[in-house]
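The sequence and the coordinates come first.

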Amino acid sequence: MEKAKVAFFDFASCEGDQLQVINLEEDLLKVVEAVEIVSFREAMKGHSDDYDIAFVEGSVTRRSDEARLKEIRKNAKVLVALGACATLGGVNLLKNFQEAENVRKFVYGDKAFQYETYPARPLKAVVPVDIDIHGCPINRHEFVMVFKSLLLGKKPEIPNYPVCVECKMAESICVFEMGMTCLGPVTRAGCGACCVTEGSYCWGCRGLVDNPNADSQREVLAKYGLGLRDILNKFRLYSGFSEVAQ
Amino acid sequence: MKYQPLADISPYLPQWAEISRIQKLTESERLFEMHLADGEPLGHKPGQFIELSLLGIGEAPISISSPPGVENSFELAVRKVGNLTSAMHRLKVGDRVGIRGPFGTHFPVDETQGKDILFVAGGIGLVPLRSFIKFVLEHRRDYGEVTILFGARNPSEQLFLDELEDWRRRDDLRYLESVDRPDPNWTGHVGVITTLFPYIHVDPSKTYCVVVGPPVMYRFVIVEAKAKGIPDTHIFLSLERRMKCGLGKCGHCQINHLYVCQDGPVFRYSDIFDLEEAL
Amino acid sequence: MALQIIEKSDLAFFVQNLMDHFQLEGVQSKGQSVYGQAFFYGTIRSPAELCLDFDCTVMPPKKYFLPPQEALFRFQTGPSPACFECRPNKPLVIFGIHPYDLKAISQMDRVFAAGTPDPHYLARREATILIGIDPTHVAPRSFWASMEAAVVSSGFDLMMTDLGANYIVETGSEKGKALLGDYAKVRPATSDEVRQRVSQRSHIADMGQKRGLTFPKREIPILLQHSLTSPLWEENATKCLSCGTCNLVCPTCYCFDVWDDMELNLTQGQRLRRWDGCLLSDFARVATGENFRGTRTSRYRHRFYRKGQYLFFGILDDVACVGCGRCAAFCLPDIADPVEVFNRLKEKLN
Ligand SMILES: Cc1cc2nc3c(=O)[nH]c(=O)nc-3n(C[C@H](O)[C@H](O)[C@H](O)COP(=O)(O)OP(=O)(O)OC[C@H]3O[C@@H](n4cnc5c(N)ncnc54)[C@H](O)[C@@H]3O)c2cc1C
Ligand code: SF4
Ligand code: SF4
Ligand code: SF4
Ligand code: SF4
Ligand code: SF4
Ligand code: FES
């Protein structure tokens, strides 16, 4: 069987998702063996326009990006959006999410985009996207899963259940029990609830599940968030997020 | 954990079947004739299904479309809708697939002997119903009058064209067909399947109605069948649900207290008419 | 075998011995939440880690028999495809299971043995020794007493009760008997201690009555029979996050999903199953897009019927809820509590 040809591209982003791919280490070797990588700026020189699968990182922030993305779409049989910037749009401001200052910047920043001549947008606002690999950064295991699925001719099964499912399977203590709040109940799983298992909370980087119960989540946040210093920020983070998701 | 080679049979392990013939039915449906690799018969009854698996892709419940025959082969008709079904369409003669089963209840082949049967098939519902229809036609003298109603969305979605042609010609059964949306070459009846009912006559005292089709079809067809005087106990249908085990364990196929994989897929209407989630 | 006594000072000896000869699993405190300590089942690596005076663990011990994810078989594709069954057979001792969780395990045993037996569950179960412990504390949302799970008389290999000065131990099987004989220092209980056990257990049952059904448990199926169209379902379900938490934390929920995972060499892989839950939005969705329980209300209601009626009439002849209260404690909008729902349905019906 001829090896599938794979290319990586980046638009406005920190390239953290491509780094995740490089960080696959031993799995990366197997990935490299399984396919022919024709373009990957992070890891190699040289480039070719002959590819089957294009992984595209970053959001579209300039009009000139559009033409480039459309060209990629034309060449690729399968186009995969890699990471939250590509799948959801302007979340690339959200890098240091745990700092309230940046959270606020995200919320207001998203509004601020409206005044720019070209608001940042996810890939799917410009071209049809076949598969979204969510997350900021992406989850390496999910990347490998998607990769394998594509090689097998399968549509990867990206979860449509919330992070709480994986959080329970990982036997974490729900952070609501610890006096924190969490966006896990409305956020698409696939990361293994890693932020909670690592002692933090879910801030929703993988975007919403298909049919989130936003009203109930707001009520829950209000119920548990009372007395919390930055409840307002959390609210805005959440609603800002749903705007991006829509 | 240690992995040991198979000693006794786990119900999750498939056995192998080899594809001996592939026939394109429509743009999205293909018929696969296959036989178990060990040469044994599948041992199914009309209306039962198997779990079809392709290692690395997954598993899906698929009806056995052929009646139990003298030969040990059996037929599956697969519509391309997702991962497993698309992968099936890439297979060639000689390829091996995994089979678990047969599972589930079957059509009332014995109870209907000597009785009239009204078959009602909507779209891909013909696939499971075909096993019963062919069984009845193979044992034609054991059954009374046979009527077949077949509705498809458009002519290009009609399946088993040579068999339909045979049914049109036969004088030992009545075959009526309809399409929702005709193409320019279509000269037959146009309308949803229930619009065929005014053209048939049944003797309600000895008629069984067997219906298979998409979920929306059942409610309307059952109304028509009841209007013809057919009692609820003589109406049978085959239901579709999500399935993951076929063993009454995984919970996906549950309708109230029933498991479609075990208590179905073929149900007697009088057993399920009052279940909230059945139809 | 008559009731035996293990002195508190000899407990560490018993635990250490079990650790030396088996994989020993038991309850550990995994940190402090705003409600108190959070308890989990995990591998015991020193006798001091084992906690026996917990109120309720966050997750039930079902993971030992139905792991969150497990391989059903491994396979190899290519010219000579083959399947290799995965046969779990690791011997385990689980130390410290409350009666309600023991009751849940007994129910699961029946479910997985019914019809076509499930070899994976049964093999794990077969390889496991269960040491029960009567509760000393009641979790705020538990209501096991009204689910007739305050005490159990079977479903364990050993059953211990804390009498203050020592533990009194009932033997439930040959395995349990051997365990005591081989690894513990025991002496027969005095008639005084036996009486103390009886009163301790009725005290436990009283403690457990703080919350509970306002009517007998066996009426639940009939109550549900009359409640199909109750407005309560929709009222509560509008708040449901479809997060599946009430399923995942439940000791009697056992639904699973099955899928294939290939290795990167694309020739070897395994078929796996993992926990699923009927509250998750796609639980009943099929490839053509049809969702047979597409509304939050239908999914929310299904769980109560499944627990209160379907399994009752199907396999168990009992309500498939043991009153641990986990679903109630961890449902964020607080709508999953069976006792509240059943009591309210009863109220509305009267
Ligand atoms: C009793 C029964 C008989 C059937 N007979 C036939 C038949 O003869 N021919 C045919 O083409 N189709 C039949 N189907 C439908 C067929 O099972 C689905 O189209 C198939 O499962 C889709 O799988 P996929 O991997 O291609 O799709 P995907 O969308 O990739 O499937 C994802 C997963 O969802 C599950 N799933 C999705 N849809 C269904 C479904 N309808 N039923 C059960 N599980 C589902 C599968 O287990 C699969 O793992 C039958 C279904 C049932 C319940
Ligand atoms: S910590 Fe967050 S993700 Fe985990 S269960 Fe609680 S709400 Fe859900
Ligand atoms: S837990 Fe939440 S924030 Fe963390 S990776 Fe998962 S989705 Fe993103
Ligand atoms: S009832 Fe509660 S725990 Fe269960 S799915 Fe709904 S919100 Fe989650
Ligand atoms: S339904 Fe709730 S209370 Fe009942 S056994 Fe399950 S988790 Fe425990
Ligand atoms: S159907 Fe729902 S309530 Fe019943 S076992 Fe499965 S997940 Fe639990
Ligand atoms: S398919 Fe698993 S219970 Fe029916």
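Chain C carries 40 positive and 39 negative side chains, and the centres of the two sets are 4 Å apart. Lys and Arg count as positive, Asp and Glu as negative, with His and the chain ends not counted; each charge is placed at NZ of Lys, CZ of Arg, CG of Asp or CD of Glu.

The model is predicted: local features need pLDDT of at least 70 and side-chain atom pairs pLDDT 80 or more, while totals for chains, interfaces and linings use all residues. Residues are numbered from 1 along each chain, chains are lettered from A and ligands numbered from 1 in the order written, and side-chain values use heavy atoms, without hydrogens and water.

Chain C contains 11 helices and 12 strands, taken as DSSP runs (H or I, at least four residues; E, at least two). Its radius of gyration is 22 Å, close to the 20 Å from the globule rule for 350 residues, so chain C is as compact as a globular protein of that length. The radius is taken over C-alpha atoms, and the rule is 2.2 Å times the number of residues to the power 0.38.

| Property of chain C | Value |
|---|---|
| C-alpha box along the principal axes | roughly 65 × 65 × 40 Å |

In chain B, the domain assignment (automatic or from a database) gives domain 1 (6-103) and domain 2 (116-278). Their C-alpha centres are separated by 22 Å. Across the pair, 23 residues of domain 1 of chain B contact 24 residues of domain 2 of chain B, with contact meaning heavy atoms within 4.5 Å.
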